[in-house]
Amino acid sequence: MRDVILLAVIVGFFALTALYVRWADHLVGPDEDDR
Amino acid sequence: MSAPALVQLLVLVVLIGVTMGPLGRYLAAVYGAGDDGRAPGDRVFGPVERVVYRAAGVDPDREQRWTAYAGSVLAFSVASTVGLYGLLRLQGVLPGNPDGRGGVSPTIAFNTAVSFVTNTNWQSYAGESTMSHLSQATGLTVQNFVSAAVGMSVAAALIRGIARNRSGTIGSFWVDLVRTTVRILLPLATVAALFFVSQGVIQNLHGATPAATVEAVVQSIPGGPVASQLAIKQLGTNGGGFLNANSAHPFENPTPLSNLAEIYLLLIIPFAFTVTYGTMVRDRRQGRVLLGVMMGLWLATSLLAGFAETNGNPALDRLGVDQSVSVEQAGGNAEGKEVRFGPGASGVFASSTTGTSTGAVDASHDSFTPRGGMVPLVNMMLGEVTPGGVGSGMVGMLLYAILAVFIAGLMVGRTPEYLGKKVQATEVKLIMLYLLAMPLALLGFAAASVVTGTATSSIGDAGPHGFTEVLYAFTSAANNNGSAFGSLDATTDWYTTTLGLAMLVGRFLLIVPALAVAGSLARKQKVPATAGTFPTTSPLFGGLLTGVVIIVAGLTFFPALALGPIVEHLSLSEVAR
């Protein structure tokens with residue numbers, strides 16, 4: 001059970017960090033070519 | 001500080017000065033590659049790399065946007081963490097286990113997996129009595145290579161972001177990762193491992209050997225592939241020792257020469273990156289300014305730690321204890337020091353290992369005087385930019401440089417530019433996110449730990465020293481350093497999990513905004529310098545940059561330092577009076 005919780009913490013952290021990348025990209029804004 | 005320690009410092013400066021140029025230019029050639037896409041060593045390393053690319057399904061000619069680059073870093077790191085966690089849990093049923101070690105407990109496996117993937121190498125276990133040789137060699141040592149390569153890749157991507165003009169991409173993470181490992185770290189670590197073997201560092205696949213001492217007690221003499229792990233542990237600014245005593249153990253650091261080589265190895269790539277930077281942006285003066293700031297801060301902190309430890313403990317002066325350095329004794333604050341190295345050299349090692357993100361130790365930082373012990377703490381709180389970990393130090397210093405340019409722009413009322421790139425709200429917001437993540441994890445978890453019963457029961461000493469133990473642990477974790485103040489029992493569920501989370505935040509929540517800055521700058525058009533452009537190659541800029549580094553850390557951490565080492569020093573002086 002502890003293994004499952006700790007692995008979920010690891011995967012959950014990286015999933016949230018992937019969302020952080022998306023948010024930071026929103027901050028950076030679209031490339032000129034995409035506008 | 002004793003004459004031998006000062007000579008050692010001088011030798012280090014000369015060695016670094018002589019070798020960082022060629023190494024830095026080699027790194028630039030590996031990361032920059034010519035217009036024809038060729039890099040040095042293609043004939044030797046190219047076939048090996050092509051096999052890796054084919055096996056991983058990577059197209060080496062395809063560059064990535066910053067988001068794809070960051071996504072690749074995260075994908076590689078989550079796979080590494082889960083894989084290492086599984087290996088540690090299952091080591092008891094796997095081969096390469098001559099001492100019959102059982103599986104590592106879940107929370108220690110979590111802490112260790114996160115620790116080695118984030119290049120922290122905080123160790124909540126004793127290496128020789130916990131890990132199998134398979135775990136050490138294929139788990140921890142492999143992560144020593146690739147976690148260092150991840151940091152260097154991110155630095156290369158940020159430099160490309162600054163150097164390129166109207167580019168949508170910042171390189172390929174997979175190419176950077178493979179090239180860093182194959183063309184830089186593996187060859188250098190091989191040479192270093194052979195040197196360490198020549199000094200007496202052990203390298204074998206034996207289990208522990210029982211030996212009867214003269215007191216008729218059976219002592220367990222450890223065996224294992226120590227030299228190969230030691231080389232990358234120092235070179236990759238990892239710091240996780242094969243043996244529990246780390247570089248204080250005679251099997252892991254047998255001679256003063258091996259001690260000097262260990263310090264040199266942990267400093268050389270971070271300093272060489274300033275040459276890499278100057279070469280890649282085609283203005284070597286830019287790199288020299290960053291080198292001056294890094295070198296100045298490293299020398300200052302090394303001398304501070306060395307002098308503090310050589311001067312000894314003021315409370316012992318009152319008792320008439322002779323702490324002077326002489327031909328008969330190493331002198332100074334001898335507690336927790338190896339007599340082979342002495343207090344001065346131990347201070348230089350402590351400053352170097354915390355100015356980089358290494359965390360290896362050749363003395364007990366817990367036994368340093370409050371002033372001497374504050375140096376490693378402050379080094380880490382500066383964000384480890386003196387000169388910082390492999391890659392991560394360069395990233396931190398470059399972001400500080402952009403911030404310094406922004407502050408200078410505010411002072412003179414002009415739009416700030418750095419190497420022809422306008423620094424605007426986007427970059428400053430991202431740099432703020434970069435700067436806030438580490439203190440948030442550090443101070444947040446440290447504050448929770450000093451008010452939570454389960455956490456305070458792990459503290460080994462009362463008063464300000466006990467507070468410093470907790471502060472040091474989270475400073476080390478959140479900065480991916482890995483060194484520890486002793487006395488704190490960090491093997492409890494609270495500390496293994498919260499320190500693990502602090503390491504994750506301190507690594508990946510800094511990498512993301514750094515790569516975002518790279519992506520944002522890469523696509524900008526360079527503007528020519530005008531009379532109003534603030535020159536970033538002058539000593540004035542070096543001074544401003546040094547001030548920004550110190551002031552940001554000072555404003556963030558001074559209150560916490562005041563409660564720990566500062567009040568401990570004042571109380572020690574009071575006792576001495």
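How many helices and strands are there in chain A? I found one helix and zero strands in chain A, taking helices (H or I, at least four residues) and strands (E, at least two) as DSSP runs numbered from the N terminus.

I note that this is a predicted model, in which local features need pLDDT of at least 70 and side-chain atom pairs count only at pLDDT 80 or more, while totals for chains, interfaces and linings use all residues. Residues are numbered from 1 along each chain as its sequence is written, and chains are lettered from A and ligands numbered from 1 in the order in which they are written.

Entry on the helix. After α1(A) comes Gly29(A), with a positive phi near 90 degrees.

Entry on burial. I looked up the buried residues of α1(A) and found Leu6(A), Ile10(A), Phe13(A), Thr17(A), Val21(A), Ala24(A) and Val28(A). Buried means that 20 or more other C-beta atoms, placed from the backbone, lie within 10 Å of the residue's own. Of the 35 residues of chain A, 20% count as buried.

Entry on the contact. The buried residues of α1(A) pack against α3, α4, α15 and α18 of chain B. I recorded 20 residues from chain A and 25 residues from chain B in the contact, which requires C-beta atoms, placed from the backbone, within 7 Å. On the side of chain B that touches chain A, α3(B) supplies the largest share, ten residues.

Conventions: A residue is buried if 20 or more other C-beta atoms lie within 10 Å of its own, exposed if 12 or fewer, and partly exposed in between; C-beta atoms are placed from the backbone. Two residues are in contact if their C-beta atoms, placed from the backbone, lie within 7 Å.
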